[in-house]
Amino acid sequence: FVVKQGGFDFDYWYMESEKTAVPQTPYKGIAATIPGKIEAENYDEGGHNKAFYDADRENQGKAYREDEVDIVGFGCSDESNTKDCKGYAIGYTKADEWLEYTVNVAADAKYDITANLATPFETAGLQLFVDGEPITESLTGLKTDEEMFDVYKETELGSVELKKGEHVLKLLITGEYLNVDWIKFEDPNNPMKLAREIRLAPQQNASYNVFGATGKFLGRIDNVGTNLSATLKQAGYASGAYIVRGIGHSKAMRVTVK
């Protein structure tokens, strides 16, 4: 091993043969289903640089699994947040870390994507890929609380056309310090989802803060009964994707102007 240029730390290297290599497989041998909810802590088995990449070699959260991925518990019975937890999430994230999930898509369809996230930083961000192809932009402006990492909020990430069959979903952290609880794919034509969307539809005359894809605050709009995409367009916003958050509400939505 020859150092050609300094300025970095070197931990270790290893070699593996085809006979001893651990293949990438779904967590506990069962692929996650789409439509459905994918728990962030249930990433594929296979190890570092195969099923995931983590910037350090220690599980900072010390919960749930025993590899290098930083997993945190919430709603736990002990101060270390590792016992009798109500849930687990990916935490202590840094830019360029990633995890992969083997998924089984039930049918060709367009699916809406929602994630349960926690971060006090506007710069925290993520991007999703399927079979190596991006299905979202790099999304930021996902802040859920001023100070806390345990305040989780559902955030809409957009929608994507998926083909029936087995695929690999990749979660890439693009802005550090984002906790990810789960990612959900739903068929928008599902009667249960349609009923929920009607129940949670924005009220008339509601005001929204508008953020760009990088999390930069762009302004405020007043929705007057039309859909948010049309309101943004009428307000002079150019074609593209925006993150909007209702005044007095923590839930953020991704809105596309065409």
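**View A. Lys37 over the ring of Trp182.** The charged end of Lys37 lies over the Trp182 ring, 4.5 Å from its centre. Here a charge sits over a ring if NZ of Lys or CZ of Arg is within 6 Å of the ring centre and within 35 degrees of the ring normal. This is a predicted model, in which local features need pLDDT of at least 70 and side-chain atom pairs count only at pLDDT 80 or more, while totals for chains, interfaces and linings use all residues. Residues are numbered from 1 along each chain as its sequence is written, and side-chain values use heavy atoms, with hydrogens and water left out.

**View B. Lys170 over the ring of Phe129.** For Lys170, the charged end sits over the ring of Phe129, and the distance from the ring centre is 5.8 Å.

**View C. The pair Tyr43 and Phe52.** The whole structure holds 7 aromatic pairs (rings of Phe, Tyr and Trp, its six-membered ring, with centres within 6.5 Å; planes under 30 degrees apart are stacked, over 60 edge-to-face, the rest tilted). The Tyr43 and Phe52 planes meet at 70 degrees with centres 5.6 Å apart, so this pair is edge-to-face. Tyr43 is buried at 0% relative accessibility, and Phe52 is buried at 1% (buried means under 20% relative accessible area, exposed over 50%, partly exposed in between; 1.4 Å probe, protein chains only).

**View D. The pair Phe121 and Tyr177.** With centres 5.8 Å apart and planes at 45 degrees, the rings of Phe121 and Tyr177 make a tilted pair. Phe121 is partly exposed at 36%, as is Tyr177 at 35%.

**View E. An aromatic cluster.** Tyr27, Tyr64 and Tyr88 together form one aromatic cluster.
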